[in-house]
Amino acid sequence: MNKTKKLLLILGAVVLGFCFTFGEKAVMRHIREEQITITSAQTDGKIIVFYKDDCSDCQQVFPMLFRQKLRYHDLVFVNLNQVQNRHFIQEYQLTEVPTIVKQEQRYTGTKKIEIQKFLSKIRKEG
């Protein structure tokens, strides 16, 4: 392969990587800042991620959780800054965000390895 083709391939890979990275970030930012109201019916049987869009801890783990949502389609993100979603604070007795809940099980914190272990465990249990 000559130098021109190699350069074009490398340039194409860089451009695609750039587009994917910034496109993904834009979608994540949109979802993170979403101000939609979630109903209890939408959370039935799902893994619920409670967060606040202005929380630095939440922003730290959001990309990893976003990828989990894309892969497994079993996460529901609930932005507690949305006034109509605040009833979940009392309903689930939330004291911190991010908090991940499925039925009676929950994980609060930002340790990505622990989050992945928790998600794997509750997915296996069904």
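Predicted model: local features only at pLDDT ≥ 70, side-chain atom pairs only at ≥ 80, totals over all residues.
View 1. With a disulfide taken as a pair of cysteine sulfur atoms within 2.5 Å, the count of disulfides is zero.

**View 2. The open sheet of four strands.** Pairing in this sheet is mixed, and the strand order reads E2-E1-E3-E4. Strand E2 (75-79) and strand E4 (105-108) are the edge strands, each of which pairs on one side only. From one strand to the next, the twist averages 20 degrees.

**View 3. Pairing of strand E1 with E2.** Strand E1, residues 47-51, runs in the parallel sense to E2, and five bridges join the two. Among the residues involved, valine 49 has phenylalanine 77 in E2 as its bridge partner. Strands of a sheet pair through backbone hydrogen bonds, either parallel or antiparallel.

**View 4. Helix H3 on the sheet.** Helix H3 spans residues 56-72 and packs on the sheet, where its contacts are with E1, E2 and strand E3 (99-102). The direction of H3 makes about 150 degrees with that of E2.

**View 5. Helix H5 on the sheet.** Helix H5, residues 112-125, likewise packs on the sheet and touches E1, E2, E3 and E4. Between the direction of H5 and that of E4 the angle is about 170 degrees.

Key. Residues numbered from 1 in each chain as written. Heavy atoms only, no water. Pairing = 2+ DSSP bridges. Axes fitted to C-alpha atoms, helices over the stretch in contact; angles between N-to-C directions. Contact = heavy atoms within 4.5 Å.
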